[in-house]
Each structure stands twice: as C-alpha cells, then as structure tokens.
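Hello,

Here is the structure I promised to pass on to you. My notes on what turned up in it follow below.

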Amino acid sequence: MNTPVAHPPIRLKSDRTPGHPWIWSAQVHKPEARIPPGSVVEVRDAKNRFIGQAFWNGHARIALRLLTSNPAEAIDATWIAARIHRAVQLRRELLRLDDASDAWRVVHSEGDGLSGLIVDRYADILVIEYFAAGMWKFRDTIHAALLQHFPGARLYWFAESHVQKQESFDCRAADVPDAVEVHEHGLRFHAAPGCGHKTGFFADQRDNRRRFAELAKGHRVLDLCCNAGGFAVHAMAAGAREAVGVDMDAGILDIARANATANGVTVDFQQADIFDWLRAAVARGEQYDAVILDPAKLTRDRNKVFDALKKYFAMNRLALDVIPPGGLLLTCSCTGLVSEADFLEMLRRVALNAGREIQVLEVRGAGADHPVRTDVPESRYLKAVFCRVD
C-alpha cells in the first residue's frame, strides 16, 4: 500500500464540523508558513481532530474546499480520474443522457465531488471551466481523463478573470473552437462555446423545454428573454399554434432564427426590452396562452438579492397581464442566491397584487446532470415554476 502524503495542517477556529465543503477565510487560523494557493492540506478542528483533506487558498474568500473526509485517501491524479469516471458513468449508464442529447453537463463541481470544476459537453466539444487554483493544478490530469471518455473531443478551457484574480492562478484560455450543432430530443441547435452569449445553448433547461412544449400544444406561445429560442422552437415542434420570442440581444436572436429554420418551424423573434414590449402588448390587448419567462442571472452579490427579487416581481407582474384565465406561465430564476422559498414568495405577492390566482403545478430545476449535494443547497441554482393562472 502507498503511504498517504503528509499535507500541511490548517486549524479551524471552531470545534464543530463545518457542515459544508466550503470553509471561509474568517473560519480558519492563518498558517505560520506560506502555503501556495491550490495546495492540498489537512483540515483539523480547534481540538485538533481530523476533519478532512482540502484545497487551500489563503488569498480567496473560500479558504478551504473540502474534498474528502477520509485521511487515507490520496488526492492525486488517480483520485481526480476516478471522480471524473464516476461523473461520466452517472450520466451515461444511469441517466442515459446520450439517448436524449449530445449536450449535457459532464462535471457539476461540488455535485460530483470536484469542487472548482465544471465541464459541459456540446457534441464533440468539451468546455472546461476552472473556479479553483487546486483544480487548475490538476488540469493535465483532468484533460487526459476527459479524453479517455470522449476520444477525439475538442477541449476548450477557461476561467473568468475575477476568479483567476481571487484564486491566484493564471489560466490562458484555449483557442475558441468552431461552432457546432447539438441535438436535444430530436431537435437541432447551434452552440458556440467561447463566442459570447455563454454558449448560445443552455443544457440545464433541457427537460423543462420538453415539459413546456408538451403543455403548450395548440397554444399561442410567448418566450420572454428567449435567448437562442429553445423554448419557442421546442413548443412549435410539439404543435404550438404560434410563437413569439423577445430578447434584447440582436446577436442571439440571429442564432434563434437559425435554430427555428434548422428545425423547420416558424417563430417571430423580436428585439426589444421585455418591459417595453409587454407594456405595448398590453396596450394592444394581446393575449398568450403559454408564457415562458427565463431571464439571465440578476445578481452575484448577496447584498443585492432584494433588488433582484424586486425585478423578478416586476417582470412576472407585467407578464400576467398578457395571460388569459387558464393560461400557463413558466417562470424561471437562475440566480443561485435567490432561494426557491423566496422565489415562490415573490410569486405569491405577484398574485396578490394582480388580483389573480396562481396555481403552482410543478417546481423543477436543472436536469439530473446537475446533481446537488445535500450539504450544498445553493448549487441548486435553477428554479423553474410551472403555473396555471386564473
């Protein structure tokens, strides 16, 4: 047997188990000697009891990212490769995602026990996003392990500039790959990782697009903050009567139109601010039987959650004015800092303000390729609430 490598110890200020894989800088005693960012360390509580092994970063708000509570486990290339194998196995063997799509999340950070790493698949492109110096140090191992499972894949890796600054690592992004066509439940969509608009395709809404399309058959559909038009295209392909998509971004609407054409459906995509567009639609007396409202993330700042909820309220309140009694509303939030409870409370206040009854039919999230650990509830960032409005 290999003897586990001895790692520098980091002492917590508390003698209680953290209960979360992230440990903030204010919760630890600063080590006497400098430990390079991204190093594997041994975590001990205030009574010197072993807690686990973690990535250390004395420069970041998240000082420790716990990886395992097993002192005998070696955090090395073999460990990383085994975790990636487990993540791929979940998606291919249990979830059978290849049967539904060639666009899915391969690694979901804490959800797959790989804190600081996200990997998304778009056909033959793997997009690798680094959030932690520790994972960046294992980049060669990560890339090799992924290519074992996806032979011949094109790898595109990056880290946001603010992440690199906070985590103290320098990630030079790979060359941006050419755009690719992906497939979802038999439909075709454009994906362009690294070219703005994030990718032009959000795989986390895969199951919600299909469910909305089932409910929207025969109805007049309005897709607000439509991005690349996934909901509208799915709805029309499933038998919706007509669909309108609204977004502020002219570039993404060109992609949306191409997606509609690729699938042989007609959607009226319009460039506009949704508030202005909805007010004009209300003035014209327009009504839509099935409305999807899926805005981009509204904040990353905990101090601005209340402002985000106010904006969600305004959007949803205005959307109700174009929905007739008995109509369908799918309202979404991908702002992780906004909890499901707060989002549902916002809807309660919308209904009260409008004098309408909102029946919540289903509350869904991202697909099962975005697993959520029970001790990291904030990683369940997506809320998708299917409602009937009377």
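Buried here stands for under 20% relative accessible area, exposed for over 50%, and partly exposed for what lies in between, with a 1.4 Å probe and protein chains only. In a regular strand, side chains alternate between the two faces of the sheet. Helices (H or I, at least four residues) and strands (E, at least two) are DSSP runs, numbered from the N terminus.

Before going further, please keep in mind that this is a predicted model: local features need pLDDT of at least 70, side-chain atom pairs count only at pLDDT 80 or more, and totals for chains, interfaces and linings use all residues. Residues are numbered from 1 along each chain as its sequence is written, and side-chain values use heavy atoms, with hydrogens and water left out.

Which strands pair with E12? One is E13 (residues 242-247), parallel to E12 over 5 bridges, where Val244 is the bridge partner of Leu222. Another is E15 (residues 290-293), also parallel, joined to E12 by 4 bridges; there Leu293 stands opposite Leu224. Two strands count as paired if DSSP finds at least two bridges between them. Together with helix H6 (residues 230-237), E12 and E13 make a right-handed β-α-β unit. Right-handed says that, with the strands pointing away from the viewer, the path from the first strand over the helix to the second runs clockwise.

**Loops and cysteines**

The loop between E12 and H6 holds Asn227, a residue other than glycine whose phi has a positive value, near 55°. Arg96 is another non-glycine residue with positive phi, near 50°; Arg96 sits in the loop between H1 and strand E6 (103-108) and counts as exposed because its relative accessibility is 53%.

How many disulfides does the structure hold? There are 0, a disulfide being a pair of cysteine sulfur atoms within 2.5 Å. Cys225 is in none, and its nearest cysteine sulfur, that of Cys226, is 8.1 Å away. Seen from Cys226, the closest cysteine sulfur is that of Cys225, too far for a bond. Cys225 is buried, with a relative accessible area of 17%, and Cys226 is buried at 5%.

Strand E4 (50-56), strand E5 (62-68) and helix H1 (77-94) each give two or more residues to the lining, and E5 gives the most, with 3.

Helix H1 also contains Ile80, which is buried at a relative accessible area of 0%. Ile80 lies 7.3 Å from Thr141, C-alpha to C-alpha, although they are 61 residues apart in sequence.

Best wishes
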